[in-house]
Amino acid sequence: MVTLDLRHVASPAVRDLFHLVNHPDFDRAQQQIERLGGCTEPVRLTGQSTTVDTATGEVLRSYTTTEEPTGSLLTACGNRRASRCPTCSRLYAADTYHLIRAGLSGGKTVPDTVRTHPRVFVTLTPPSFGPVHNRPTTPGGDIRPCRCRKLHEPTDPVLGTPLDPATYDYTGAVLFNAHAGALWARFTTYLRRELAARLGLTQRAARAVLRVSFAKVAEYQQRGLVHFHAVIRLDDPDGTSQPPPSYATVAVLTDAVRTAAARVRVTVESDAVGERELAWGEQLDVREIAAFGGDAEFTDQAVAAYVAKYATKSADASGALDRALFCRLCQGRGATLLPHGTPLPCTACGGTGQARPLPRLAVARHVRQMIRTCWELGRLPEFAHLKLWKWAHMLGFRGHFSTKSRSYSTTLGALRAARRTWRTEQARAHAGLPESDPTTTLVVGHWDYLGSGYSPGAALLAADVWHRKELERQFAAEGGC
């Protein structure tokens, strides 16, 4: 055992690390951290579990967190946001990749004949709410000067911000984000109608011969508005087992997508902001997905990797926040938002309603104004159902980042269940438990939430684990050279 005088060690994290290293059961604490693979915000649980063989009544294993050196059990946070937890977000991206790819080339209970079905990759974009700084290109792909007459670099922080903030339609931008999910729902409805019309069928007859399956992901643009990338596929009415009729072609699907997107409208009425008609922007991209292994740009693998990449991003990709400003405890009571910075309620306020004033948030002025607009619109009774206070950090968007239709492919739940079963078997073998029928094994547990995150010293160990695994991934990506 190492004995040191910690009075001269300035850093609390280093002092805590020395205490942890000198703990008699340090190996177990390190094992827990290693098992999480570098998760940045693990959940700490206290409790106990007992594994019983229901056929014989024998207690196979008992576990309690009082046996742990820290008195708690660490479990991965499971956060999909790369800005919050790179480790868990990478796992989420991998699951999303397999989900999307299974719906394109088969696998995970989906037959490989699904790659012969008509499939397109669609990008639906928001409209303009005012000119912004950008990097326009010529037909040949060369960069042209912005409207401000400057040639912006790709990392220029002004990209996506309004040329004239005073005339930019912030209200329309926030309302678009808040209704993006409704716009998508109407798009899928109109798409089915347009397909039926092009096939010369009634909607009921069309449902009897084909099914529309899809998977989509939301992505933030630099101007803080969401747009959707979607894989849309035509199937037999029973799902992925058979292709649709031969007359339901990619060309028919492409034409139906374009017409349906142009038809979508959501009308918003308010005495404060007047009547607004929300719709998709003019920049609509529809491309056929080539068979897996082809030479085209949009292959099964490329599309799956592209969608999985954006499934782990959030509003922070546009310079916004990745944590809620709205406090579930104080519910915003007594807190107002004024241009001069009355405190915002947030998850860190402890129910007092006191937090960082809006002008002190570490975001760009454009993002700050969108957050302020969310807060101001959230006060209006007609917009209460949009919960703009709760979703102000997402700039008003309150939908899911990754969704799919029921018959597209497997589910994230099924993928996680398979991984959980594998880990259970690994834990059984590690604990030396005899093999038994899972149907006769019962696990009885009682768990309480203790908190999240590491102690300062454990955080240093976790950072080392993440850094080491990141180097291993980079080494593998480079071919082990």
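The model is predicted: local features need pLDDT of at least 70, side-chain atom pairs count only at pLDDT 80 or more, and totals for chains, interfaces and linings use all residues. Residues are numbered from 1 along each chain as its sequence is written, and side-chain values use heavy atoms, without hydrogens and water.

**Val21**
- Val21 lies in helix α1, residues 12–21 (helices are DSSP runs of H or I with at least four residues, numbered from the N terminus).
- Gly457 is 436 residues away from Val21 along the chain, yet their C-alpha atoms are separated by 9.0 Å.

**Helix α3**
- The 20 residues of α3, residues 86–105, should span 28 Å at 1.5 Å a residue, and the end C-alpha atoms are 28 Å apart, which agrees (the expected span is 1.5 Å times one less than the number of residues).
- Because 14 of its 20 residues are buried, α3 is largely enclosed by the rest of the structure.
- Gly106 follows α3 and has a positive phi, near 95°.

**Helices α4 and α8**
- The axes of α4 (residues 170–198) and α8 (residues 365–378) come within 9 Å and cross at roughly 75° (axes are lines fitted to C-alpha atoms over the stretch in contact, and angles run from 0 to 180 degrees between N-to-C directions).
- α4 is therefore roughly perpendicular to α8 (65 to 115 degrees).
- Contact means heavy atoms within 4.5 Å; residues of α4 including Tyr170 and Leu175 meet residues of α8, among them Met370 and Leu377.

Note on methods:
Helices (H or I, at least four residues) and strands (E, at least two) are DSSP runs, numbered from the N terminus. Buried means under 20% relative accessible area, exposed over 50%, partly exposed in between (1.4 Å probe, protein chains only). Angles under 35 degrees count as roughly parallel, over 145 as roughly antiparallel, 65 to 115 as roughly perpendicular and the rest as oblique.
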